[in-house]
Amino acid sequence: MSYTTPPTSDTHTLSVLLVDDDPALSELLAIRLESHGFDVTLASSGHAALRQLASIPVDVVITDLRMEHMDGLALNQKLQAQYPGLPVIMMTAHGSIPDAVDAIEQGITAFITKPINSEELLAAIDKALPKNRAIQLIDPDNFHGLYHQSASMRQLVQQIKAIAPSQANILLQGESGTGKEVTARAIHRASSHAQGPFIAINCGALPAHLLESELFGHKKGAFTGAISDKQGLIQSADKGTLLLDEIGDMPLDLQVKLLRVLQEKTVRPIGGQHEQTVDVRILSASHKNLAQAVSEGKFREDLYYRLNVVAIQLPALRERVEDIPLLADLFIKQLAAGQKRLSLDATTALLSYAWPGNIRQLHNVVEYCVAMTPGKLITADSIISALPEQDDKQAFVGLNEAKRQFERDYLIKVLALCENNVPQAAKLAQRNRSDFYKLMKKHDIK
């Protein structure tokens, strides 16, 4: 049987921890594995292996069965407790049926005998790796900074590709932290205004008089403190794109002036006498329900329809769970230059959390873990310590709703772990394929 070196992902070279108290054999096996592209770390005992795992990321452990102080089975028990899901391959010169049975019952991935046959060892690693890498990144897409592999984000990107080249105003809506500015930048880069500037302003971050001056500019002497002419952001964004973030916080009197800019394609600075023509595409964003704000008289209806020519709803992070490992890995690369990595149980912890703060919260948690983790491997304990304690009273819902939420979240997580392979997900969930499809339809999971 031939073996080809397993493909590496953008995440890291496949790494092996080799545990054996025979240094000559360890060196020989390390040379063989490294020739096939593996990154090999050696440990001379079970205790040494556990110390190594505390500071380095590992994809698979290969351990001898007979070792002093801590044998391979004892080491495996500790590995299963501390690093659940980490594949372990057992090798021994004393192979027997009872040993093999014990090993398999303890969750050993493969049991091979010495002298070690390279083909057999490499095949065992090849078989073991998919279990550990099921939630690793598989062909992630990047559309102008929108990294994704979930179906909901693929649909959103297709929508952006269709509308970006037009001149239509776009309203981005979604919960706080879902990436509205990143999405706006992607729209700008895919548009006919891509060569022009991209300017963003948070309409809720400034008092009304300062916001007006920032947007429209002013003439010298227009008000106290106006000691010189100032160009507004609308003019600065000429031939480009202006993002009005949190547009729902814009005062009503400024909404009137903005409506005129959209209708006439002109802007008049504060204190100015003449209109100035501008060619700027307006994108707006809000976490508020603007339609409700219109009905409550807090937002102008005519402006709402001018801004909302095309509406794009950004999914919450809990609705794109497949992207959580991808985004976490991206943040780690940015913050730690690829020197740290998530353990399997850490990724599971990320997938198990609801993320009310969405991508912004995920970034903050990853940043905390990168700063607080002394070694290379970020563990589940680090993730859990970075997450806030949830208020049980606020989280309380009725029993039926709790069951519905659990069932839907469970299906999404199982699908993410199986890379959206429904037959595999059904098997993991211990359901037949037909029942699993019915559950997906029930919860509108595509």
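**The parallel sheet and its helix**

Modeller: The protein exposes about 22200 Å², and carbon and sulfur atoms supply 51% of that area. This is a predicted model. The protein has 446 residues, and 48% of them count as buried. It holds 20 helices and 18 strands. Take the contacts between residues at least 6 apart in sequence: 71% of them join residues at least 24 apart.

Confidence comes next. The mean pLDDT of the protein is 81, and 87% of its residues reach 70 or more. Residues 1–12 fall below 50, and this stretch has 28 contacts in the model beyond near neighbours in sequence. Residues 131–139 also stay under 50 in pLDDT. For them the model has 30 contacts beyond four places in sequence. Where pLDDT is low, the predicted coordinates should not be read in detail.

Now the sheet. Five strands form an open sheet in the order β2-β1-β3-β4-β5, and the pairing is parallel. Which strands are at the edges? They are β2, residues 39–43, and β5, residues 110–113. Each of these pairs on one side only. From one strand to the next, the twist averages 20°. Strands of a sheet pair through backbone hydrogen bonds, either parallel or antiparallel.

Look at one pairing inside that order. Strand β1 covers residues 15–19, and strand β3 covers residues 60–64. The two pair in the parallel sense over four bridges. Within this pairing, Leu 17 stands opposite Val 61 of β3.

Next, the helix. Helix α1 spans residues 23–35.

Glu 27 is placed in α1. Is Glu 27 buried, partly exposed or exposed? Its relative accessibility is 46%, so Glu 27 counts as partly exposed. The cut-offs settle the class: buried means under 20%, and exposed means over 50%.

β2 and β5 are its edge strands.

How values were computed: Residues numbered from 1 in each chain as written. Predicted model: local features only at pLDDT ≥ 70, side-chain atom pairs only at ≥ 80, totals over all residues. Heavy atoms only, no water. Pairing = 2+ DSSP bridges. Axes fitted to C-alpha atoms, helices over the stretch in contact; angles between N-to-C directions. Contact = heavy atoms within 4.5 Å. Buried < 20%, exposed > 50% of the residue type's maximum accessible area, 1.4 Å probe, protein only. Areas by Shrake-Rupley, 256 points an atom, 1.4 Å probe, with all protein chains shown as cover. pLDDT = per-residue confidence, 0-100.
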